[in-house]
Each structure stands twice: as C-alpha cells, then as structure tokens.
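Please read this briefing beside the sequence and the structure.

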Amino acid sequence: QVQLVESGGGLVQAGGSLRLSCAASGSILWVNNMGWYRQAPGKQRELVATINIAGNTNYADSVKGRFSISRDSAKNTVYLQMNSLKPEDTAVYYCNADVRTVAGARYYWGQGTQVTVSS
C-alpha cells in the first residue's frame, strides 16, 4: 500500500509565499514522475508542475517564474515552493506520483491541501 501525504497549505496574503511538501510512503521500489495539480471551486483539476526522476521540470504557464518544484528522491518527497502568490492561485493542491512497487507501477494521489490567497 502506498500513501501520499501532503502538508504546508494554508492562508496567505497576496504576494506571500508557501511551501508544500508531499511524502510517499509504503512498499516503494522507486518513484518516477512526481507532480502537483490544483483544483479551484467549479473548475477542472489542472497541472501545476511536474518533475521526473532525472530532475527535469515542467510548469504551467500561469506559475512560471513564481513556483518551483523540487524533490528529494532519497525521501520520496516532492516540494512546491510558491512565491508571489495571487488570489487566483487559491485551490486545493494535490500531489501525484508514479510509483513502482513489487505489484507494478501506477499513479497515486494525495488527499489534497487547501491553499487560500487573500487579496
């Protein structure tokens, strides 16, 4: 059984910063791609940023230059540093990871963490 546990969400004023963390635990052999997605009320879930096992990153245009994704592969943990936050960044942020176990490989989701940016 694999679990992704997120932390670091909260309420922040516009222009502020938050750092999200997501740790994968369980019978993990290794973790390939890791990423962050978000879902605002009434909207579809959207990609925020991803990072592969080699450390290559990809960002949504709306967060480029403000957000930074990183990972600690030894800890099976991915981070999202969010700077210059805007009210439109308000959403539930979900961690996603492509995890290999002895049973095979599949994507897992975290439970989500709320980020609220006040104007």
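**The overall fold**

In the protein, residues 24 or more positions apart account for 55% of the contacts with a separation of 6 or more, where contact means heavy atoms within 4.5 Å. This is a predicted model, in which local features need pLDDT of at least 70 and side-chain atom pairs count only at pLDDT 80 or more, while totals for chains, interfaces and linings use all residues. Residues are numbered from 1 along each chain as its sequence is written, and side-chain values use heavy atoms, with hydrogens and water left out.

**Elements and dimensions**

- The protein has 0 helices and 11 strands, where helices (H or I, at least four residues) and strands (E, at least two) are DSSP runs numbered from the N terminus.
- Its radius of gyration is 14 Å, close to the 14 Å that the globule rule gives for 119 residues, so the protein is as compact as a globular protein of that length; the radius is taken over C-alpha atoms, and the rule is 2.2 Å times the number of residues to the power 0.38.
- Along the principal axes of the protein, the C-alpha trace spans about 45 × 25 × 20 Å.

**Surface and charge**

- Of the 119 residues in the protein, 44% are buried, and buried means under 20% relative accessible area, exposed means over 50%, and partly exposed lies in between (1.4 Å probe, protein chains only).
- The protein has 11 positive and 7 negative charges, and their mean positions are 3 Å apart; Lys and Arg count as positive and Asp and Glu as negative, without His and the chain ends, and each charge is placed at NZ of Lys, CZ of Arg, CG of Asp or CD of Glu.

**Strand S11 and its partners**

- Strand S2 (residues 10-13) pairs with S11 in the parallel sense over 4 bridges, pairing being counted if DSSP finds at least two bridges between two strands, and here Gly10 stands opposite Val115.
- Strand S9 (residues 91-101) pairs with S11 in the antiparallel sense over 3 bridges, and the bridge partner of Ala91 in S11 is again Val115.

- Asn76 lies in the loop between strand S7 (67-72) and strand S8 (77-82), and counts as buried because its relative accessibility is 18%.
- Apart from residues up to four places away in sequence, Asn76 touches Cys22, Ala23, Ala24, Ile28, Val31 and Met34, and Asn76 has a positive phi of about 50 degrees although it is not a glycine.
- Ser84, in the loop between S8 and S9, also has a positive phi, near 50 degrees, in a residue other than glycine, and Ser84 is partly exposed because its relative accessible area is 41%.
- Ser25 belongs to strand S3 (residues 18-26) and is partly exposed, with a relative accessible area of 36%.
- Leaving aside neighbours within four places in sequence, Ser25 is in contact with Gln1, Val2 and Gln3, while Ser25 and Val48, 23 residues apart in sequence, are 22 Å apart in space, C-alpha to C-alpha.
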